[in-house]
Amino acid sequence: MVRAAASESAASRLTPGDLQGYIAAAAVLLDLKIDASWLPGVQVSLETALTHANLVSSFVLLDEIEPAPTFRT
Amino acid sequence: MEWSSASEIAANVTSGEWQVASVIEQALSRIESINPGLNAFSEVTADRARARALSLDAQIREGKRLGPLAGVPFAAKNLFDLRGIATLAGSRINRDHEPASRDAALVERLENAGAVLVGALHMSEYAYDFTGDNAHYGPTRNPHDRSRITGGSSGGSGAAVAGGLVPLALGSDTNGSIRVPSSFCGVFGLKPTYGRLSRARTFPFVSSLDHLGPFARNAKDLAVSFDAICAPDSEDPVCSLRPAEPTAPQLCKGIEGLRIASAGGYFRKGASAEANEALERVARALGVKWEVELPEADRARSAAYVITATEGASLHLDRLKTHGAEFDPAVRDRLIAGAMMPASLGLQAQKFRRWFHERLLELFKHVDLILAPATPFTAPPIGQQTFLFNGVETPMRPNIGMYTQPISLIGFPVVVVPVPLHPLPIGVQIIAPPWREDLALRAACVAEELGVALAPRPFLSS
């Protein structure tokens, strides 16, 4: 089982320019217009979310574990 | 009458001692007087309440028996549909929505039990906040100290019950939004099992994590109101088909034979002296002598964060495109970030959710109830940005829910009991296995009978 340090962020492996470029490209893909004044807040929020995602993803799970949402007919 | 419990009101109305009209008039008068200082209500449905009160009094004169909440005034977080009112969900954007054509399922069920709706309650925008602040409508204020937050996102619900404006309120809890305001405002709150209560006709946030539930000032009111609203609902595809299992008849059964432990490890890190004191008082009262460790609780909290970010973003993506500038900036930026998360990360969080669910089901083979703090600290001042976490200055807002998020991730039921420390109360979570709200409520009742859990009465003037 690999456990990453809790404070390590996937986003920290990108340069600031790379992350800003990712945000700009994702905005285009999502057809989302982001005002320049929003960018610092979006960047911090994305870094935080990716830190949490990294903590989760660094935990090895068996292939057989189903995602939690269920479908009830 | 102003601090009467729901059960007392219902008993006095049923016996004919009190008329519903006078109960409601007193509630409306108190709301008019006190609410400006608390900012709990976003709308007071006075005409509707008075009309209903007259109708109920007429039914009583005709000899009809009303339900277990006869004449009880209640209010609902403004993500619940209320007939004739646009469902704001704490936003400015939703002001343009058509008024709801029908009440939310749980509002209908409370009214079927004889209760009387008196209004809608403020909340954090789209439920994406733990403070109870709102960029459009201002902060809801804590009745115990109006310079402090109520907690969120069901801030209005916590304040309305704690401030004696209503004895019952409805709220929602995705990551802690019933349990945090219960803790900060010093009231009892119930986040039931995921899928237990119908979410029909409420504005959503995170489908995987949204729960609805009641606030009250004692365990009996919590049980009676929960029983009144609990039943399958074919209009909610997530609502369980499991039949309702009444909790009130067995509320005073005690806790003999129940195996109760405190959560250690993660749930001890960063807890303030007050959080620890409250937990210890409840643990002593319930005869707790051992600790259990919830495995990977920090990852569970992070999984809840990721699921919230991604599902919340998906819900609001169209709104972000058309009304981006009208959001609370703090909500908007997190939603945009969530929309940009790689999909595989969201699914990984859902897989971890399954894993954590299975681990906790195993844990609950050896224990019946687990205690944990509800919040790391008592209610902070409005506007405070950081707190000391293990001696390190840490952002406050995202960490208020650190003890609540791992539990709502997997939908286990929780009762929060308030411990009346001075100068501010703080809550303790009583966590039960799925579908065993009855056990958590029984423990809450014992803690209350022993005087350890109590909703303290604030001094409030108009």
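The model is a predicted one, so to speak of its local features takes a pLDDT of at least 70, and side-chain atom pairs count only at pLDDT 80 or more, while totals for chains, interfaces and linings use all residues. Residues are numbered from 1 along each chain as its sequence is written, chains are lettered from A and ligands numbered from 1 in the order in which they are written, and side-chain values use heavy atoms, with hydrogens and water left out.

Chain A comes with 2 helices and 0 strands (DSSP runs, H or I of at least four residues for helices and E of at least two for strands, numbered from the N terminus). Of its 73 residues, 38% are buried, where buried is under 20% relative accessible area, exposed is over 50% and partly exposed lies in between (1.4 Å probe, protein chains only). Looking at contacts in chain A with a separation of 6 or more, 76% involve residues 24 or more positions apart; a contact here is heavy atoms within 4.5 Å.

Between them, chain B and chain A bury about 3300 Å², with 68% of that on carbon and sulfur atoms (buried area being the accessible area, 1.4 Å probe, that two parts lose on being put together, summed over both). On the chain B side, helix 9 (297–323), helix 10 (329–339) and helix 11 (343–363) are the elements that give two or more residues. That side splits into 21 nonpolar, 5 polar and 12 charged residues. In total, 38 residues of chain B and 35 residues of chain A take part. The count of salt bridges between the two chains is 0, a salt bridge being a side-chain nitrogen of Lys or Arg within 4 Å of a carboxyl oxygen of Asp or Glu.

Over all chains, though, the structure holds 27 salt bridges. In one of them, Lys64(B) pairs with Glu62(B), the closest N and O atoms being 3.4 Å apart; Lys64(B) is partly exposed at 48%, whereas Glu62(B) is exposed at 56% relative accessibility. Asp145(B) and Arg148(B) form another, with closest N and O atoms 3.1 Å apart. Here Asp145(B) is partly exposed at 25%, and Arg148(B) is partly exposed at 22%. Arg242(B) also forms a salt bridge, with Glu245(B). Salt bridges that share partners join Arg48(B), Arg52(B), Arg83(B), Asp103(B) and Glu111(B) into one network.

Conventions. Ala, Val, Leu, Ile, Met, Phe, Trp, Tyr, Cys and Pro count as nonpolar, Asp, Glu, Lys and Arg as charged, and the others, Gly among them, as polar.
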